[in-house]
Amino acid sequence: TDHPLLSEINLRNAGLLTRIIKSEAEGAAVWGKVFGEIKGQLDAAFKEENITQSKLTAFVVLPKDLEKFGPAWVEAYVRAQIVETFAVALEKAFINGAGPVKDEPIGLIRDLEAPVDQTNGHAKKSVEGTLTFADSKTTVKELSGVMKYLSTKSNGKAVNVSGKVVLVVNPVDSWDVKALYTFLNANGVYVTALPFNLRIAESVFQTQGELLAFVNDRYDAYTGGGVEVKKYDQTLALDDCNLYTAKQFAFGKADDNKAAAIYTLAVTEPAGA
């Protein structure tokens, strides 16, 4: 199946990570006379963060006799099933992951500033507001508020989010939004468009009745290589079965608490509908 969130999120293959080093550039160039002294010191404050990647695993057991009916096809199917299962697990974790306490990435909905529960992990963020998509004017006002909120970091510094904001909605809710913003253009083609170049990504792991807005380059999502699949033909010899194991390492965490926000969806039928 399609996983639009994984194509929207800043997912990178970085091998097995143990730490991330980031910097916040500060300072400015200074104007002066042609033969004047050089001024304007630039500073880069480096921050080191130790991280713990989580290991995603799965296994499949198949009767050896199944290979008589097409071993190449059976193995290809098993590997495709594993890759798909891992994609589902990554999508779920990047949205809802509770963090290292649960051996999971820290999902977009999680609060990075609230105390971490040593049993349940990171708490869910509070809702920032309500989106109604009531009419064109209301929608522009509501979504500009979303963009404004995401346009500053937690430290108050401004950040350019133009063309980078994605709205994650449950597939059921997506139809409510699309119904209001799908129209017939001059070429006789129905198109769906939201202001500010916002894009909608559907996910079954997004809570129904809520919308998650995030800046797609302000979430660090890493995998430690591809899905590693191994086949063992002797492990379950007495059971006359083959064992396929799979594993992948992954890490996910937002830059700060303002990289994403949760909104309540209260979409109503348009007037005259």
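**Pocket, sheet and salt bridges in a predicted model**

The second largest pocket holds about 220 Å³ of space. A pocket here is an open set of points on a 1 Å grid over the protein atoms alone, with protein on both sides within 12 Å along at least five of seven lines; the volume is the space filled by probe spheres set on the points, which are joined across faces, edges and corners. The structure is a predicted model, so to speak of local features takes pLDDT of at least 70 and side-chain atom pairs count only at pLDDT 80 or more, while totals for chains, interfaces and linings use all residues. Residues are numbered from 1 along each chain as its sequence is written, and side-chain values use heavy atoms, with hydrogens and water left out.

Lining this second largest pocket are 13 residues (an atom within 4 Å of a point), and Leu56, Ala89, Ala93, Glu104 and Pro105 lie nearest its centre. Helix α2 (71–96) gives the largest share of the lining, five residues, and β4 (54–63) supplies at least two. By class, the lining has six nonpolar, three polar and four charged residues, with Asp, Glu, Lys and Arg counted as charged, Ala, Val, Leu, Ile, Met, Phe, Trp, Tyr, Cys and Pro as nonpolar, and the others, Gly among them, as polar.

Turning to the strands, five of them make up an open, mixed sheet ordered β5-β14-β10-β6-β9. Strands are DSSP runs of E with at least two residues, helices are runs of H or I with at least four, both numbered from the N terminus, and two strands pair if DSSP finds at least two bridges between them. β5 (127–131) and β9 (199–202) sit at the edges with a single partner strand each, so one side of each has no neighbour in the sheet. From one strand to the next, the twist averages 30 degrees. Four bridges pair β5 with β14 (residues 260–265) in the parallel sense, and Gly129 stands opposite Tyr263 in β14.

Helix α3 (residues 136–150) lies across β5, β6, β10 and β14, at about 160 degrees to β14. Helix α4 (residues 171–180) lies across β6, β9, β10 and β14, at about 150 degrees to β9. Contact means heavy atoms within 4.5 Å; angles run from 0 to 180 degrees between N-to-C directions, with axes fitted to C-alpha atoms, for helices over the stretch in contact.

There are 12 salt bridges in the structure, each a side-chain nitrogen of Lys or Arg within 4 Å of a carboxyl oxygen of Asp or Glu. In one of them, Glu8 meets Arg199 with the closest N and O atoms 2.9 Å apart. This pair links distant parts of the chain, helix α1 and strand β9, 191 residues apart.

Note on methods: 1 Å grid on protein atoms, 1.4 Å probe; cavity = no way out; pocket = protein on both sides within 12 Å on 5 of 7 lines; lining within 4 Å.
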